[in-house]
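Thanks, everyone. I'll keep this short. Please look at the chain on the screen.

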Amino acid sequence: RREIETERFITIDNLDILSGYPKAHGISIATRSMNPQYLVCDEIGELEEAKMLLSASNVGVPLIASAHAKNINELLSRSNIKLLHEQGVFDMYVKIERENERRGINKYTFYRRAEIT
């Protein structure tokens, strides 16, 4: 869905963007055949996507992913996110809130995995 990737934000020459097929399949392809330094995934939704992210993490691929929720408790109440959290896939969570949408001002709150119960 290119939620994260836009030309405005990303200007890396050696960046591969996979799109046009199911996200879980793209995660699998990137992990097995592209030897990524990082894997960036927008909007973790389905359980199959979470399983592929867990698989990528288990072979040492660092991950950056997004998921929409009102707060950290709502996020972790989802079975797919809970699976990733319990397996220690992410060390850090970032909550982004719009403080002034017209001016494009956001507030960022950082949570370390160890701080979340």
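Start with contacts across the sequence. Take the contacts in the chain with a separation of 6 or more: residues 24 or more positions apart account for 43% of them. Keep in mind that this is a predicted model.

Now the layout. The chain has four helices and four strands. Along the sequence they run α-β-α-β-α-α-β-β. There are 117 residues in the chain, and 28% of them are buried. The accessible surface is about 8,700 Å². Carbon and sulfur atoms hold 47% of that surface.

Next, a helix pair. Two packed helices are described by the angle between their axes and the distance between the axes. Helix α1 covers residues 23-33, and helix α2 covers residues 47-58. Their axes come within 8 Å and cross at roughly 10°. That angle is under 35 degrees, so α1 is roughly parallel to α2.

Which residues meet? From α1, we have K23, A24, I27, S28 and T31. They meet E48, E49, M52, L53 and A56 in α2. By class, the contact of α1 with α2 has five nonpolar, two polar and three charged residues.

Last stop: I96. This residue is found in strand β3, residues 92-100. Is I96 buried or exposed? I96 is exposed, because its relative accessible area is 55% and the cut-off for exposed is over 50%.

What does I96 touch, leaving out residues up to four places away in sequence? The answer is N106, K107 and Y108. Look at I96 and N106: they sit 10 residues apart along the chain. Their C-alpha atoms are separated by 6.5 Å.

That's my tour. Over to you.

Definitions and conventions
Residues are numbered from 1 along each chain as its sequence is written. This is a predicted model: local features need pLDDT of at least 70, side-chain atom pairs count only at pLDDT 80 or more; totals for chains, interfaces and linings use all residues. Side-chain values use heavy atoms; hydrogens and water are left out. Axes are lines fitted to C-alpha atoms, for helices over the stretch in contact, and angles run from 0 to 180 degrees between N-to-C directions. Helices (H or I, at least four residues) and strands (E, at least two) are DSSP runs, numbered from the N terminus. Angles under 35 degrees count as roughly parallel, over 145 as roughly antiparallel, 65 to 115 as roughly perpendicular and the rest as oblique. Contact means heavy atoms within 4.5 Å. Ala, Val, Leu, Ile, Met, Phe, Trp, Tyr, Cys and Pro count as nonpolar, Asp, Glu, Lys and Arg as charged, and the others, Gly among them, as polar. Buried means under 20% relative accessible area, exposed over 50%, partly exposed in between (1.4 Å probe, protein chains only). Accessible areas come from the Shrake-Rupley method with a 1.4 Å probe; for residues, only the protein chains shown count as cover.
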